[in-house]
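Have a look at the model first, then work through the steps.

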Amino acid sequence: DGNWYLWRCASTAVATHRTLEEIIPYRLLSMICKDALAVKADRALVAFDGPKIFRHKVFKNYKGSRSERRGAIDVDGENSESAPTNVYTFLPHVQALFATVGLPLFQPRHREADDVIRSVFSAYHNEHTVIGSTQDKDNYQSLDEGMLYDASAKGPDGKPQPKFIKKEQVERKFGIKIAQMVDYQTLIGDKGDDVPPIQGMTPARAKKILT
């Protein structure tokens, strides 16, 4: 999930004698290569959200609370009167670097990185062990066909402790089958994406209905 990597890079970037346009693409590439080595990947694809996501037409309030600051972040980590930098302004520099090293980057116009990840799981799980590098629960629906890798996870001591997210863990946590994750999310909604739950629905009630 290139968006996830880009946000993590930009949120910790501090300008030095090099410009952020130089720093962020190399840092992002470094993070991806580190994670690829950690999971012993022999192929990789980095996906980014497209500029005209179809979900906004389907549901006008989709990610509505993010609309004004979509992609905006204070890359220097300082409070100032200047407007925050939009992380997507760095994407052309990322694309140029990835093209130089031969790392595939895909950004469909009307879909999100999650859609690409789901499609890759569906298309290749019979031939390969597919690992999605993301912590996003929207990708839990793919865990019948592979696993996720959360490089940002921390241990009890607060130190980095990357982890795999597997089918069995998620099924124990939610008390439902992976095949029911889409139904579960539909019932309870998604506060982060401004999608409301079915009226009166709670996680406990959704679990009871599905089981």
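**Exercise 1.** Which residues are linked in a network of salt bridges?

Before you start: this is a predicted model, where local features need pLDDT of at least 70, side-chain atom pairs count only at pLDDT 80 or more, and totals for chains, interfaces and linings use all residues. Residues are numbered from 1 along each chain as its sequence is written, and side-chain values use heavy atoms, leaving out hydrogens and water.

*Solution.* Step 1: apply the rule, a side-chain nitrogen of Lys or Arg within 4 Å of a carboxyl oxygen of Asp or Glu. That gives 7 salt bridges. Step 2: pick out the network, which joins Arg55, Lys63, Glu112 and Asp115.

**Exercise 2.** Take the pair arginine 55 and glutamate 112 and say where each one sits.

*Solution.* Step 1: their side chains meet at 4.0 Å, N to O. Step 2: arginine 55 is in helix H3 (residues 55-58), while glutamate 112, 57 residues apart from it, is in the loop between strand E4 (105-106) and helix H5 (113-124). Helices (H or I, at least four residues) and strands (E, at least two) are DSSP runs, numbered from the N terminus. Step 3: glutamate 112 is buried at 5% relative accessible area, and arginine 55 is partly exposed at 23%. Buried means under 20%, exposed over 50%, partly exposed in between (1.4 Å probe, protein chains only).

**Exercise 3.** Are arginine 43 and aspartate 42 buried or exposed?

*Solution.* Step 1: the two form a salt bridge, with the closest N and O atoms 3.8 Å apart. Step 2: arginine 43 has 62% relative accessibility, so it counts as exposed. Aspartate 42, at 69%, is exposed too.
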